Amino acid sequence: MRRFTSLLLAAALAAVLAQSALASGGRYAFAGGTAKEQATVRAALDVSSFDWNVLPTPVVVHIAPIGGSYSEAGHVHLDSALLDSGRFSCGVVQHEFAHQVDFLLFDDAKRATFNGALGGSDWCYGVPGLAHAAYGCERFASELAWAYWPSADNSMSPSATHGESGGMPPAQFRSLLAQALGMPTLATPIDTKAFAPATRPAHAKAKPKHARPRKKR
């Protein structure tokens, strides 16, 4: 019976991951959270011009009232109260997903490169007790969130993070990341919309002009 239950759970998880693979903005599955909170996560990833599909495996997004947000390899933990704030939380969501780029795609050489380029004192909590902005992994995550969504609404802007995301100009950061991952498209994100001209079907008839009423004398 236990084996059968385990098989059912595995099948259910596989189905969830299969559905998440079709979502825009990367591959992920939710564990917890309301429909509105999950929609906020999707919106946060979609508004970024970073291609989250470069992550090699689906990420499990845990949503709960945990009082803070953090990441582990393959897992992003988001505070539900933060997500309830709506668009303000988008920068944090992007920041936590940016850690997955480090966890799943970087090696020690790449980490050393970015730590030096971004001015980190230590990469990721190898030295305890430093300020948040002193860790290269945190500077990297904030920089990625800002470089691919340089919006006034982004809580990861250099002014909002006291310079944590300002270690490099966005274009320079995107270029370095594209080179490090061997993905040239990451250097020039497409963020311009082009629109078709306003047209009218050929069979549409022009509206008749109404004669102006004559003034009474």
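A disulfide here is a pair of cysteine sulfur atoms within 2.5 Å. By that rule, this predicted model comes out with a count of 1 disulfide. The partners are Cys124 and Cys137, whose sulfurs sit 2.2 Å apart. Cys124 is in the loop between α5 and α6 while Cys137 belongs to helix α6, so the pair, 13 residues apart, links distant parts of the chain. As for handedness, the disulfide is right-handed because the torsion about the S-S bond of Cys124 and Cys137 is about 75°.

Here's how some residues score on burial, where buried means under 20% relative accessible area:

| Residue | Relative accessibility | Class |
|---|---|---|
| Cys90 | 4% | buried |
| Cys124 | 29% | partly exposed |
| Cys137 | 0% | buried |
| Ser71 | 15% | buried |

Now for the core. The largest nonpolar core has 39 residues, and Phe97, Phe140, Leu144, Phe173 and Leu177 touch the most other members. Among the elements giving it two or more residues are β1 (28-31), α4 (90-105), α6 (136-147) and α7 (170-181). Take Phe97: leaving out residues up to four places away in sequence, Phe97 touches Tyr28, Leu45, Trp52, Leu55, Val59, Val61 and Val76.

Ser71 lies in strand β3 (residues 70-72), and its side chain makes a polar contact of 2.8 Å with the side chain of Glu96. Setting aside neighbours within four places in sequence, Ser71 is in contact with Val76, Glu96, His99, Gln100 and Phe103.

How values were computed
Residues numbered from 1 in each chain as written. Predicted model: local features only at pLDDT ≥ 70, side-chain atom pairs only at ≥ 80, totals over all residues. Heavy atoms only, no water. Core = buried A, V, L, I, M, F, W, Y, C linked by side-chain atoms within 4.5 Å. Buried < 20%, exposed > 50% of the residue type's maximum accessible area, 1.4 Å probe, protein only. Helix = DSSP H or I, 4+ residues; strand = E, 2+ residues; numbered from the N terminus. Contact = heavy atoms within 4.5 Å. Polar contact = N/O pair within 3.5 Å; in protein donor to acceptor, adjacent residues only side chain to side chain.
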